[in-house]
Amino acid sequence: MTCPSDPVMLLSYINTQLRDHYESLTALCEDLDLSEAALKETLAAIGYEYNREQNRFA
């Protein structure tokens, strides 16, 4: 599956994947072949940062 291009939809998709399938953002990015830095930058642009303890963007 391709990740959504809309940042809000991307946020929802990534948080769901983190909750249901991955123990960390690094594991998700490696598995889906995504740039962790680019993902963080995209979601930071809409006001979200990755919270390692909660394993989600908030």
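**Figure 1. Asn-15 sits in helix H1.** The model shown here and in the views below is predicted. Asn-15 has a relative accessibility of 18%. The cut-off for burial is 20%, so Asn-15 counts as buried. With neighbours within four places in sequence left aside, Asn-15 is in contact with Arg-56 and Phe-57. Phe-57 belongs to strand S2, which spans residues 56-57.

**Figure 2. Ser-12 is a further residue of helix H1.** Its relative accessible area is 44%, so Ser-12 is partly exposed. Ser-12 and Phe-57 are 45 residues apart in sequence. In space, their C-alpha atoms are 9.1 Å apart.

**Figure 3. Helices H1 and H2 pack against each other at about 110°.** H1 covers residues 7-21 and H2 covers residues 25-32. Their axes are 10 Å apart. The two helices are therefore roughly perpendicular. From H1, the contact uses Tyr-13, Ile-14, Gln-17 and Leu-18. From H2, Leu-25, Leu-28 and Leu-32 meet them. By class, six of these residues are nonpolar and one is polar. None is charged.

**Figure 4. Helices H1 and H3 pack at an angle of about 125°.** Here the axes are 9 Å apart. The angle makes H1 oblique to H3. The crossing is left-handed. On the H1 side, the contact residues are Pro-7, Leu-10, Leu-11 and Ile-14. On the H3 side, they are Leu-39, Thr-42 and Leu-43. This contact holds six nonpolar residues, one polar residue and no charged ones.

**Figure 5. Helices H2 and H3 pack at about 115°.** Their axes lie 10 Å apart. That angle makes H2 roughly perpendicular to H3. Leu-25, Thr-26 and Cys-29 of H2 meet Glu-36, Leu-39 and Lys-40 of H3. By class, the contact of H2 with H3 has three nonpolar, one polar and two charged residues.

**Figure 6. The largest nonpolar core has 13 residues.** Those with the most contacts inside this core are Ile-14, Leu-18, Leu-25, Leu-28, Leu-39, Leu-43 and Phe-57. H1, H2 and H3 each supply at least two core residues. H1 gives the largest share, with five. In soluble globular proteins, nonpolar side chains tend to be buried together.

**Figure 7. Leu-39 is one of the core residues with the most contacts.** Residues up to four places away in sequence are not counted in this view. Leu-39 takes part in the contact of H1 with H3. Leu-39 takes part in the contact of H2 with H3 as well.

**Figure 8. Tyr-22 lies in the loop between H1 and H2.** Its relative accessible area is 15%, so Tyr-22 is buried. Not counting residues up to four places away in sequence, Tyr-22 touches Gln-17, Ala-27, Leu-28, Asp-31, Leu-32 and Asn-55. Of these partners, Gln-17, Leu-28 and Leu-32 also take part in the contact of H1 with H2. Tyr-22 and Thr-42 are 20 residues apart in sequence. Their C-alpha atoms are 20 Å apart in space.

**Figure 9. Asn-55 has a positive phi of about 55°, although this residue is not a glycine.** Asn-55 is found in the loop between strand S1 (50-51) and strand S2 (56-57). The relative accessibility of Asn-55 is 13%, so Asn-55 counts as buried.

**Figure 10. Asp-33 has a phi near 55°, a positive value in a residue other than glycine.** Asp-33 is placed in the loop between H2 and helix H3 (36-44). Asp-33 has a relative accessible area of 71%. The cut-off for exposure is 50%, so Asp-33 is exposed. Asn-55, by contrast, counts as buried.

Terms used
Residues are numbered from 1 along each chain as its sequence is written. This is a predicted model: local features need pLDDT of at least 70, side-chain atom pairs count only at pLDDT 80 or more; totals for chains, interfaces and linings use all residues. Side-chain values use heavy atoms; hydrogens and water are left out. Axes are lines fitted to C-alpha atoms, for helices over the stretch in contact, and angles run from 0 to 180 degrees between N-to-C directions. Helices (H or I, at least four residues) and strands (E, at least two) are DSSP runs, numbered from the N terminus. Angles under 35 degrees count as roughly parallel, over 145 as roughly antiparallel, 65 to 115 as roughly perpendicular and the rest as oblique. Contact means heavy atoms within 4.5 Å. Ala, Val, Leu, Ile, Met, Phe, Trp, Tyr, Cys and Pro count as nonpolar, Asp, Glu, Lys and Arg as charged, and the others, Gly among them, as polar. Buried means under 20% relative accessible area, exposed over 50%, partly exposed in between (1.4 Å probe, protein chains only). A nonpolar core is a set of buried Ala, Val, Leu, Ile, Met, Phe, Trp, Tyr and Cys residues joined through side-chain atoms within 4.5 Å. A crossing is left-handed if the near helix is turned anticlockwise from the far one by less than a right angle, and right-handed if clockwise.
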